[in-house]
Amino acid sequence: MAVTKICCIGAGYVGGPTCSVIAMQCPHIKVTVVDISAHRISQWNSEKLPIYEPGLDDIVKKRRNVNLFFSTNIEEAIQEADLIFISVNTPTKTFGVGKGRAADLMYVENCARTIAQVSTSDKIVVEKSTVPVRAAESILKILSANHKPNVKFQVLSNPEFLSEGVAVENLLNADRVLIGHEETADGLWAFKELSKVYLNWIPEEKILRTNTWSSELTKLGANAFLAQRISSINSLSVMCEVTGADVSEVAKGIGLDSRIGPKFLQASVGFGGSCFQKDLLNLVYICECLNIPQVAVYWQQVLDMNDYQKSRFSNKIIESLFNTVTGKRITMFGFAFKKDTGDTRESPAIHVAKTLLDEGANLNIYDPKVEPEQIKKDLTHPYVTDNPENVIKSIEIHNDPYTAADSTHAIVICTEWDEFVNLDYEKIYERMIKPAFIFDGRKILNHEVLATIGFQVHTIGKR
Ligand SMILES: NC(=O)C1=CN([C@@H]2O[C@H](COP(=O)(O)OP(=O)(O)OC[C@H]3O[C@@H](n4cnc5c(N)ncnc54)[C@H](O)[C@@H]3O)[C@@H](O)[C@H]2O)C=CC1
Ligand SMILES: O=C(O)[C@H]1O[C@H](OP(=O)(O)OP(=O)(O)OC[C@H]2O[C@@H](n3ccc(=O)[nH]c3=O)[C@H](O)[C@@H]2O)[C@H](O)[C@@H](O)[C@@H]1O
């Protein structure tokens, strides 16, 4: 069998871009991305895609309705596919056993049940969602217990390593494609079939073959390592602020060691995004279940340091503004969890906004890509406030950075959007209440120039 039809369940930040790139690189394969959300599918079929990702619009325009399809007809897409990616969300559980820590595998399990129920031919089922180690075992058990006669399944683990904002670039030039398979002849066969899809554009030496459990654990481990580097440099940023060292200089000096390397050493307001926290919590929970508390405590510290960094930054804003922000108006530049995405999941900006709102501040928020409705949704979520009406009264969402800064006491940079670097800060300064403050949570601005203009400048990791 050669794979000619792929179905991807889950049209999100992973399923959408990944399948668009597969469709572009494999014109001979029909790729159908399905979702239970009719709204999401209609967005994928519209002019304005549901996610902002540089380069994605072009690919979708070229391949949509050629060999790339977005559909809500999940059963049909599963039935006709040779290979099925499960790319659904695996959020942190919000209830029951493991609440607040374990990954909720409900959506993955639902997919497995649907696949088993509707499949009338053999399938390769590929776990692309990030899952706890040994999740493939549960998927296989569900498939095996519910399948139609004479239908066989192989389950592969093929975790995704893309970063939002550079997803297309990451997918086209992946550092590696990791495929874990069952250690049997059928498992090896399934590995080869999936490899053949990637070999259309990924060099063979970049395809890494492991057993299923290694593959699952590698994904959690990779995110834990990346997050750990950020917490490590953020911990040094605290020391810099009390000693007079400069964290940018320290990071450069550390990163020039070829054993360490320069990436992921950018001190910040703290890491955000849908995965680092979720995957670390999951790793910690797995360690506790495996009765290895020493390892659990080790990784928990990465999260604790991140919480500390987010609180430190928010508290610094209040302290600097003479210990009160009640009734003051503050500008937030950036709401997404990083630049070049409209995604706000676990964005540190939400933490900063919550702290300031709790203290009675009013906020003018500007982000080039986050939808106003999303900002309102995030800031009126029960985790953020028990008084949503009050929050709505206290925030203004702007579509221009200059009006956002008008008559405010301070600007807080929460996201490192390139456009913030080149704004006319003299013009902005003139329109602000004095003394005018800038809190650069991303270390992207020229602080000397800002100080010369008259701003009181505060940043991370530098006195
Ligand atoms: N966002 C990212 O950058 C990355 C995410 N991941 C992992 O990939 C997985 C997916 O993440 P995202 O794409 O960000 O999630 P997402 O929330 O953007 O998309 C998931 C989609 O799955 C759909 N869905 C849920 N259950 C379904 C079902 N039974 N049938 C059909 N559709 C269903 C949802 O409606 C949603 O549209 C997660 O496990 C995540 O940890 C991995 C690497 C990168
Ligand atoms: O599993 C996932 O979801 C993905 O998680 C991250 O990707 P992503 O969250 O999209 O973005 P990152 O570039 O990793 O940034 C995460 C957060 O860390 C922050 N960050 C990043 C790098 C740095 O040096 N300092 C820093 O504070 C970013 O601003 C952002 O808030 C990983 O980088 C991907 O490899 C992985 O596939």
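# Reading the labels in this model

Author: Pro435 sits in the loop between helix H17 (425–431) and strand S13 (437–440). Helices (H or I, at least four residues) and strands (E, at least two) are DSSP runs, numbered from the N terminus.

Reader: What kind of model and numbering is this?

Author: This is a predicted model, in which local features need pLDDT of at least 70, side-chain atom pairs count only at pLDDT 80 or more, and totals for chains, interfaces and linings use all residues. Residues are numbered from 1 along each chain as its sequence is written, chains are lettered from A and ligands numbered from 1 in the order in which they are written, and side-chain values use heavy atoms, without hydrogens or water.

Reader: What makes the bond between Lys434 and Pro435 stand out?

Author: The peptide bond joining Lys434 and Pro435 is cis, with omega about -5°. Most peptide bonds are trans.

Reader: How do you know that the protein chain is as compact as a globular protein of its length?

Author: The protein chain has 18 helices and 14 strands. Its radius of gyration is 24 Å, close to the 23 Å from the globule rule for 463 residues, so the chain is as compact as a globular protein of that length. The radius is taken over C-alpha atoms, and the rule is 2.2 Å times the number of residues to the power 0.38. Along the principal axes, the C-alpha atoms fill a box of roughly 75 × 50 × 45 Å.

Reader: Why is Thr355 called buried?

Author: Buried means under 20% relative accessible area, exposed means over 50%, and partly exposed lies in between (1.4 Å probe, protein chains only). Thr355 has 17% relative accessibility, so it counts as buried. Thr355 is found in helix H13. Over the protein chain, buried residues make up 53% of the 463 residues.

Reader: With which residues is Thr355 in contact, leaving aside its neighbours within four places in sequence?

Author: Thr355 is in contact with Ser314, Asn315 and Ile318. Contact means heavy atoms within 4.5 Å.

Reader: Why is Ser232 called partly exposed?

Author: Ser232 has 32% relative accessibility, so it counts as partly exposed. Ser232 lies in helix H9 (residues 212–243).

Reader: How do you know that the buried residues of H14 line one face?

Author: The buried residues of helix H14 (residues 372–379) are Ile375, Asp378 and Leu379. Seen down the axis of H14, they fall within an arc of 90°, so they line one face of the helix. The arc is that of the directions from the helix axis to the C-beta atoms. On the other side of H14, Glu373 and Lys377 are exposed.

Reader: What covers the buried residues of H14?

Author: The cover includes helix H13 (348–358), strand S10 (362–366), helix H15 (388–394) and strand S11 (395–398).

Reader: What puts the buried residues of H3 on the same side?

Author: In H3, Leu56, Ile59, Val60 and Arg63 are buried. They cover an arc of only 95° around the axis, which puts them on the same side of H3. Lys61 and Lys62, on the other side of H3, are exposed. Helix H1 (15–25), H2, strand S3 (68–71) and helix H7 (167–172) are among what covers the buried residues of H3.

Reader: Why is Glu47 called exposed?

Author: Glu47 has a relative accessible area of 62%, so it is exposed. Glu47 lies in the loop between helix H2 (38–44) and helix H3 (56–63). Leaving aside neighbours within four places in sequence, Glu47 is in contact with Lys61 and Arg64. The C-alpha atoms of Glu47 and Lys61 are separated by 8.6 Å, though the two are 14 residues apart along the chain.

Reader: Are Phe264 and Phe322 exposed or partly exposed?

Author: Phe264 has 36% relative accessibility, so it counts as partly exposed. Phe322 has a relative accessible area of 54%, so it is exposed. Phe264 is in the loop between helix H10 (247–255) and helix H11 (276–289). Phe322 lies in the loop between helix H12 (293–320) and strand S9 (329–333).
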